[in-house]
Structure formats: structure tokens, C-alpha cells
Amino acid sequence: NLLKAIKEVEIWQYAGSGSNFTQKLIELIAKADIYNQKKLLLSFPEVVGAYLIWHNQKFGEKTFTNDKELFEYMEKKLTEKGE
């Protein structure tokens, strides 16, 4: 679920390293090169996608100026669509 993954990225971004699996996975994604990110994408598409949305500060044609704007927009959009 993309909304859950976005929330995990938000927690990771604001709270730093967590101890649950998804938090550790986000750390791994952040440290991985593009080749290994693609490998992780095969098994964890929502988490890698959420990380890349945050990292690039872009979702579709929408570009964000800060993390707060991104996380609020994504929660609103994904809640509306029932993602």
C-alpha cells in the first residue's frame, strides 16, 4: 500500500533510523545505487516508489518545495483514491 509506505518514509525522514523492517529497508534503499534500487523495486515496489517520490520531490507532474507539502499532498491524494 503506497499510503502506508509514504507514512513510513515520513517517519524515517523526521525520526531518523527506526528499528522495524520497513525503516531498515528505507535506509537500505537510500544507500543503494540505481542498480540495486531496481532490484529492491522488484520485491518492494511501494516502499521504493515512496522513497523515490520523496527523494525526487516529484509525483507525476507535481513538484514539491518541501517535505511537509509532499507528505500532506500524498496523504490527501491517496486517501481520496483509497490507495
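**Entry 1: surface and overall form**

I began with the surface: the protein exposes about 5,400 Å², and carbon and sulfur atoms supply 55% of that area. I note here that the model is a predicted one. I then looked up burial and found that buried residues make up 36% of the 83 residues.

Next I took the extent of the C-alpha trace, which spans about 30 × 25 × 25 Å along its principal axes. I compared the radius of gyration with the value for a compact globule of 83 residues, which would be near 12 Å; the protein has 12 Å, so the two agree.

**Entry 2: fold elements and contacts**

I counted the elements and got 5 helices and 2 strands. I read their order along the sequence as α-α-α-α-β-β-α. I also checked the contacts with a separation of 6 or more, and 40% of them are between residues 24 or more positions apart.

**Entry 3: charges**

I looked up where the charges lie on average. The protein has 12 positive and 12 negative charges, and their mean positions are 2 Å apart. I keep in mind that side chains of opposite charge can pair when their charged atoms come close. How many salt bridges does a search of the whole structure find? I noted 5.

**Entry 4: lysine 7 and glutamate 10**

I went to helix 1, residues 2–15, where lysine 7 and glutamate 10 are 3 residues apart and therefore separated by about one helical turn. Their side chains meet in a salt bridge, with 3.7 Å from N to O. I checked the exposure of both partners: glutamate 10 is partly exposed at a relative accessible area of 21%, and lysine 7 is partly exposed at 31%.

**Entry 5: lysine 24 and glutamate 27**

I moved to helix 2, residues 21–31. Here lysine 24 and glutamate 27 are 3 residues apart, which means about one helical turn between them. They form a salt bridge whose closest N and O atoms are 3.9 Å apart. That value is within the 4 Å cut-off for a salt bridge, so I kept the pair. I listed lysine 24 as partly exposed, with a relative accessible area of 41%.

**Entry 6: lysine 62 and glutamate 69**

I ended with the salt bridge in which the side chains of lysine 62 and glutamate 69 meet, at 3.6 Å from N to O. Is lysine 62 buried or partly exposed? I recorded lysine 62 as partly exposed, with a relative accessible area of 31%. Glutamate 69 is partly exposed too, with 25%.

Technical notes:
Residues are numbered from 1 along each chain as its sequence is written. This is a predicted model: local features need pLDDT of at least 70, side-chain atom pairs count only at pLDDT 80 or more; totals for chains, interfaces and linings use all residues. Side-chain values use heavy atoms; hydrogens and water are left out. Helices (H or I, at least four residues) and strands (E, at least two) are DSSP runs, numbered from the N terminus. Buried means under 20% relative accessible area, exposed over 50%, partly exposed in between (1.4 Å probe, protein chains only). The radius of gyration is taken over C-alpha atoms; the globule rule is 2.2 Å times the number of residues to the power 0.38. Contact means heavy atoms within 4.5 Å. Accessible areas come from the Shrake-Rupley method with a 1.4 Å probe; for residues, only the protein chains shown count as cover. Lys and Arg count as positive and Asp and Glu as negative; His and the chain ends are not counted. The place of a charge is taken as NZ of Lys, CZ of Arg, CG of Asp or CD of Glu.
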